[in-house]
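This report describes the protein chain shown below.

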Amino acid sequence: MRMFAIAAALALAASVTAVQSQERTPSPHGAKVYFENLKDGAKVTNPVTVKFGIKGMTLAPAGTKMDNSGHHHLLIDTDPPADLSKPLPVVENKVVHFGKAQTETTLTLPPGKHTLQLLLADQNHIPHDPPVMSKKITITVTQ
C-alpha cells in the first residue's frame, strides 16, 4: 500500500510539472491584433461597439488546436499579466474572454476615461510567444 501511495504521489508531481512547464504556442513574425473602429483618444457614447482586427493569424475557438491561431481577450482598465506563461484569468469587467472566436463586442462603461487592449491567446488561454498584443488605447465615454 505504501508503495502505491509513493507511486501515485510521483505520478501527480510529474503531471503538475508537465502542466507548469507547458511551452507557449509560437506566433508568426508580424502577427498583430488591433482595434478596427476605435483610435487612441476617441470620444464615444454608450453602448460602445468594439471591433477586433487580426493580421497574420486566424481566429479559432478556445480548445481548438490549430497552427497560427488563437482567440481574443479584451483588457479593460488593466495591464496584461506579468506572467504570460499561464492562462489568462477571467476578471469580471477587466479581462474578457472571447473563446468562440468573436470579432466584436458591445460594452457599457461608466462615463470617463478607460483603457482598452487586445491580447490573443492559444487554445488554452495562454498568450503566444512572442505575445500578439495591441497597443493600449484610451477612450473617453461621454455618456
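## Model and overall make-up

The structure is a predicted model. The protein chain contains one helix and nine strands.

## Burial, surface and contacts

The protein chain has 143 residues, and 35% of them count as buried. Its accessible surface is about 8600 Å². Carbon and sulfur atoms account for 57% of that surface.

How many of the contacts between residues at least 6 apart in sequence join residues at least 24 apart? In the protein chain, the share is 69%.

## A sheet of three strands

Three strands form an open sheet in the order β1-β3-β7, and their pairing is antiparallel. The edge strands are β1, residues 32–35, and β7, residues 104–107. Each of these two pairs on one side only. Between neighbouring strands of this sheet, the average turn is 25°, with direction ignored.

## The pairing of β1 and β3

Strand β3 spans residues 48–55. β1 and β3 run antiparallel and are joined by four bridges. Which residue of β3 is the bridge partner of valine 33? The partner is isoleucine 54.

How values were computed: Residues are numbered from 1 along each chain as its sequence is written. This is a predicted model: local features need pLDDT of at least 70, side-chain atom pairs count only at pLDDT 80 or more; totals for chains, interfaces and linings use all residues. Side-chain values use heavy atoms; hydrogens and water are left out. Buried means under 20% relative accessible area, exposed over 50%, partly exposed in between (1.4 Å probe, protein chains only). Contact means heavy atoms within 4.5 Å. Accessible areas come from the Shrake-Rupley method with a 1.4 Å probe; for residues, only the protein chains shown count as cover. Two strands pair if DSSP finds at least two bridges between them. Axes are lines fitted to C-alpha atoms, for helices over the stretch in contact, and angles run from 0 to 180 degrees between N-to-C directions.
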